Amino acid sequence: MRLVLVGPPGAGKGTQAEYIAAHLSVPKISTGDIFRANVTQATPLGLEAKRYMDAGGLVPDEVTINMVRERLTEPDATDGFLLDGFPRTVPQAEALDKMLGDSGVSLDLVLELIVDNDEVIRRLSGRRNCRGCTKIWHVEFDAPSREGVCDRCGGVLYQRDDDKPETVAERLRVYARDTSPLVEHYGGQGKLVGIDATGPVEDVTERAIDALRSYS
Ligand code: AP5
Ligand code: ZN
């Protein structure tokens, strides 16, 4: 299955992508994770991306599209994938439609995670990420048993630079301006399914998997 997850920053895309990708046995491809890995390794791509990420803006389409095009040619993605955080602009969506079309395939479904801004702010202000395995935690909603330490791999937890309140406000503005038009783009293709992304993580996963069942 070829799937896309869209939703505002903090909607739970990364959290849900992990469970849904495992359920479908497809790779989870997160452009945010790929950029962050490049930032950590200080690659040229990471140095360029960091400027935009720190300001709460988007990395230019051309850079992002080329990175995804390369990733989708890797063998694990040929039979299916779950994209988290891409596409994020209409030109990125059009480029994805074209790259899949050139290979004779297309997207099956786009899941939109729906949460309001107050909930997003609560989620982002308490988020902690693992440096070791990239698992996403929350100080209140999904706290590890030892503060600051990942239960899964023992790695150190950190707070993302772009989770500062002023950067979050800019990310929400950018989402409304540049990413929300994707709802219309995919709605017009009959591929969009909206999921209520509030409540416990497991309930959201169940709603998403139910939606996949009804559309497959
Ligand atoms: P990216 O990493 O994609 O950030 P984002 O879209 O802003 O989304 P987040 O990762 O902040 O949130 P999420 O929806 O994954 O929520 P999460 O599961 O962590 O991108 C970062 C930056 O990279 C962008 O700003 C941009 O600069 C650049 N970039 C990336 N892709 C790009 C692209 N395509 N084009 C251009 N630039 C790009 O959950 C949040 C918190 O809530 C966690 O603590 C979690 O534990 C908690 N939580 C999750 N679900 C629940 C629940 N049901 N109840 C309670 N808490 C919950
Ligand atoms: Zn970990």
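Is C153 buried, exposed or partly exposed, going by its C-beta neighbours inside 10 Å? With 13 of them, C153 counts as partly exposed (buried means 20 or more other C-beta atoms within 10 Å of the residue's own, exposed means 12 or fewer, partly exposed is in between, and C-beta atoms are placed from the backbone). Some notes on the rest follow.

1. Ground rules. This is a predicted model, in which local features need pLDDT of at least 70 and side-chain atom pairs count only at pLDDT 80 or more, while totals for chains, interfaces and linings use all residues. Residues are numbered from 1 along each chain as its sequence is written, with chains lettered from A and ligands numbered from 1 in the order in which they are written.

2. The sheet. Five strands make an open sheet with parallel pairing, in the order β2-β3-β1-β4-β8 (strands are DSSP runs of E, at least two residues, helices are runs of H or I, at least four, and both are numbered from the N terminus; two strands pair if DSSP finds at least two bridges between them). The edges belong to β2 (28–30) and β8 (192–196), each with a single partner strand, so one side of each lacks a neighbour in the sheet. On average, neighbouring strands are turned by 25° against each other, direction ignored.

3. Inside the sheet. β1 (residues 2–6) and β4 (residues 109–114) run parallel and are joined by four bridges. L3 sits opposite L109 in β4. Helix α9 (residues 201–215) lies across β4 and β8, at about 155° to β8 (axes are lines fitted to C-alpha atoms, for helices over the stretch in contact, and angles run from 0 to 180 degrees between N-to-C directions; contact means C-beta atoms, placed from the backbone, within 7 Å).

4. An unreviewed UniProt entry assigns "domain: Adenylate kinase active site lid" to residues 127–162 (UniProt positions use the numbering here, feature names are shortened, and annotations may be inferred rather than shown by experiment). That span is 0% helix and 25% strand, and the C-alpha atoms at its ends lie 11 Å apart.

5. The unreviewed UniProt entry lists C130, C133, C150 and C153 under "binding site". They span 24 residues in sequence, but no two of their C-alpha atoms are more than 8.5 Å apart, so they gather at one spot. C133 is in the loop between β5 (127–130) and β6 and counts as exposed, with 11 C-beta neighbours inside 10 Å. Leaving aside neighbours within four places in sequence, C133 contacts C150, R152, C153 and G155.

6. V59 is in the loop between α3 (44–54) and α4 (61–72) and is partly exposed, with 19 C-beta neighbours inside 10 Å. R160, in the loop between β7 (157–158) and α7 (165–179), is partly exposed with 16. Beyond four places in sequence, R160 contacts R127 and N129.

7. Ligand 1. Its shell has 35 residues, the closest being P9, G32, G85, R123 and R127 (near means a C-beta atom, placed from the backbone, within 6 Å). Among the elements supplying at least two shell residues each are α1 (13–24), α2 (31–40) and α6 (117–125).

Methods. Two residues are in contact if their C-beta atoms, placed from the backbone, lie within 7 Å.
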